[in-house]
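Hi,

Here is the structure I promised to pass on. Have a look at it first, and then read on for what turned up.

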Amino acid sequence: MLEYLWIVPLLPLLGSAINGILGAKWPNKYVTLTAISSTGLSFLCALEAVREFLESGQALSRKEFFTWIASGNFRAGFDLQADRLTVVMMLVVTGVGWLIHIYAIGYMAHERGYYRFFSYLNLFMFFMLILVLAANYVLLFVGWEGVGLSSYLLIGFWFLKKSASDAGKKAFIVNRIGDFGFMLGMFLLFRTFGTLDFQTLFTKAGSWPAEPMGHFGTFTVACLLLFMGATGKSAQLPLYVWLPDAMEGPTPVSALIHAATMVTAGVYVVARSHVLFSHSSTAMLVVAMVGCATAFFAATIGLVQTDIKKVLAYSTVSQLGYMFLACGVGAFTAGIFHLMTHAFFKALLFLAAGSVIHAMGGEQEMPKMGGLGRKIKWTYATMFIATLAIAGIPPFAGFFSKDAILFATFQSGAGDRIRTLYVLGLLAAVLTAFYMFRLIFLTFHGKPRYDEHKVHVHESPWSMRGPLVVLAILSVAGGWFALPAFFQGPDYFANFLGPVFGAREAVEAGAEAAAHQLELILSGVAVLASLIGLAVAYRLYIKNPRKADDLARSMKPAYTTLLNKYYVDELYAAAVVRPLLWLSTNVFWKATDVAGIDGTVNGIAHGAAAIGDGLRHSQSGNTRSYAVWVVAGAIVVLAVIFFWPSASKIALGLVR
Amino acid sequence: MVPTNYYIILSAILFGLGVFAFIFKRNIITIFMSIELMLNAVNLAFVAFSQALGKLDGQVFVLFVIVVAAAEAVVGLGIIILIARNRQTLNVERVDLLKL
């Protein structure tokens, strides 16, 4: 199977093509069959490939299928590679992707454009697999842009809704800014190293000296440019604004693309380029700071949102910030670990939220829910598990990965900067626990705040419940790879990714024991932080439901600022969008296009018409006026000959 | 012997009168006559130069011009008669459609 790795991405592409071309005329069950079997087979193929790869024991399996671009000494091929990082990504993408496909059967059952939805979703799977399997930056960029395209198509799936099509455009345009940086980064790497192939590039780069802090050399600039692309795709400050709006898409899309897979592509790229990033302390610090700031910033916005999907969207932005924080402090393993567990529990959260929305007949506002826990027990139970996982309560998956990140942050060198990062990360953990339990309490507990006679709350069909259960199991157990590490055993996940990121420097036995003790203390602190968040949410939303409103009223300026998301959208509108719109409307459209280009073209035509119109009057048909012209012409010629002999000579010369 | 200048000046005056009449007169017959006047002004110039240069080329041209003028008079007068019949007028300002 490893020899035929291309089958893994090809299957979803086939599914997409078949559904896209034939699906319109098919009944839904054929569309379902095509979509589910293509992704399911892709998952099985991926599993088989992984088994072969792990059995072969090689660190990297690389295969060149054909040359795509060859120009001078530049070569970009359709080359796929598998190493252990790819293995993790590939299994997450195909596995979670498949579960979400199954879920979508139930969720999208009554939608028009059912075939279109699955065609897009399969297309997304194809591009995402290309992204994670690519063996060079160019092919990776194909996948990178492809997932952006599918994301655009799926956000705007209900394109008749203005807000949905606007959100799609916003996502695409904001990503374009990041992609610009990404491309510049690629160009710089090619200029410096003469190749964009991962293996060659990283081998070459590995032998270069590292750049110290504050030094802006090739590595720093290239890494910052690549990171700019990552901030766009992975919704980090300052380009995160598209992700909350992307919630306009159907919920399975939010779960698959805007939580579990596509938005983690930025983290994947940083981890994949870890050789480059490790060469630049400056770039690493920037990554860590941006990630940490985003984690905290997005969490604060999540505190007050009332739309259930918006809370989850800001939570995603925040969790992605954690992953970048991990990468920035050099703990790539922890970042990828969190990527994986996050894929499980955040996909679950979104799917469960979708189930809630389904049960409520389309309602997304939490203030209009309440007391759903007794009516939709499956959804409630699974969502509660996911909440425990994201809040970082042991022994759920999120605890291990988040703990690993915070520990790595604390350990990565001394200094105020690092300590600030740690404290901010910890605060974000408190906020995470708070807003997640707020979501749970507002949605599932308390008294119903909807009209019980009008809304018929019902549990979702099994096609939707099944994936919830599977993801719930993964959300519980997904972090147990790291469990033995707590009892001084090996960290299986870190060991698994060891061949990719290089083994950590061996620590002395005594220091290791001390480090272990520190880790236990820090875990305790992290759990305490989560429990504080839980307790505050419990006090505000269960024990004394009025208190939340009182608190909001007493801190009105802060509350409104958060509710309006720090006015970032308004700021961008004023600072970027409106000036650009003005420039485009007045300078490019009205001045350049209408006045300049159209003006020239039309002006020539009008000029010809005007001259013709003027000359037309000389053709009066009146013979004597012709005579006047003849005479006038003769007089002019004579005058020239008499008074300006040189000119007449030139004129005669031309005639001759 | 009369200097050539005088002939040339007379010829220019006659030609100018012809042009003047051609432009400002309305009667087709008069315009026709002014054309004849211009032709003959040119004839005079030809003859004068022929005399001054002692060559016969100019006089040959004059004979040609006279012949052409005669032919032109035939055609022109025919057209004028047709116009007079169709329009009941000889005013050129009423004849501006370039057709009968």
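This is a predicted model: local features need pLDDT of at least 70, side-chain atom pairs count only at pLDDT 80 or more; totals for chains, interfaces and linings use all residues.

Let me start with two cis peptide bonds. One joins A:Pro394 and A:Pro395, with omega at about 5°. A:Pro395 sits in the loop that runs between helix H16 (377-391) and helix H17 (397-411) of chain A. The other cis bond links A:Leu237 to A:Pro238, and there omega is about -5°. You'll find A:Pro238 in the loop between H8 and helix H9 (242-245) of chain A.

That brings me to H8 itself. Helix H8 of chain A covers residues 218-233, 16 residues in total. From first C-alpha to last it reaches 23 Å, close to the 22 Å expected at 1.5 Å a residue. Of its 16 residues, 13 are buried, so H8(A) is largely enclosed by the rest of the structure. After the helix comes A:Ala235, which has a positive phi near 55°.

A:Lys565 has phi near 55° and is not a glycine. A:Tyr567, not a glycine either, has a positive phi of about 55°. Which of them is buried and which exposed? A:Lys565 has 22 other C-beta atoms within 10 Å, and the cut-off for buried is 20 or more, so A:Lys565 is buried. A:Tyr567 has 12 C-beta neighbours inside 10 Å, and 12 or fewer means exposed, so A:Tyr567 counts as exposed.

Now the core. The largest nonpolar core has 207 residues, and those with the most contacts inside it are A:Ala347 and A:Leu348. This core draws at least three residues from each of two domains of chain A: domain 1 (1-82 + 90-132) and domain 2 (156-563).

Last, the chain contact. Here 8 residues of chain B are in contact with 8 residues of chain A. On chain B's side of that contact, 6 residues are nonpolar, 2 are charged and none is polar.

Cheers

Conventions. Residues are numbered from 1 along each chain as its sequence is written. Chains are lettered from A and ligands numbered from 1 in the order in which they are written. Helices (H or I, at least four residues) and strands (E, at least two) are DSSP runs, numbered from the N terminus. The expected span of a helix is 1.5 Å times one less than its number of residues. A nonpolar core is a set of buried Ala, Val, Leu, Ile, Met, Phe, Trp, Tyr and Cys residues joined through C-beta atoms within 7 Å. Domain bounds come from an automatic or database domain assignment. Two residues are in contact if their C-beta atoms, placed from the backbone, lie within 7 Å. Ala, Val, Leu, Ile, Met, Phe, Trp, Tyr, Cys and Pro count as nonpolar, Asp, Glu, Lys and Arg as charged, and the others, Gly among them, as polar.
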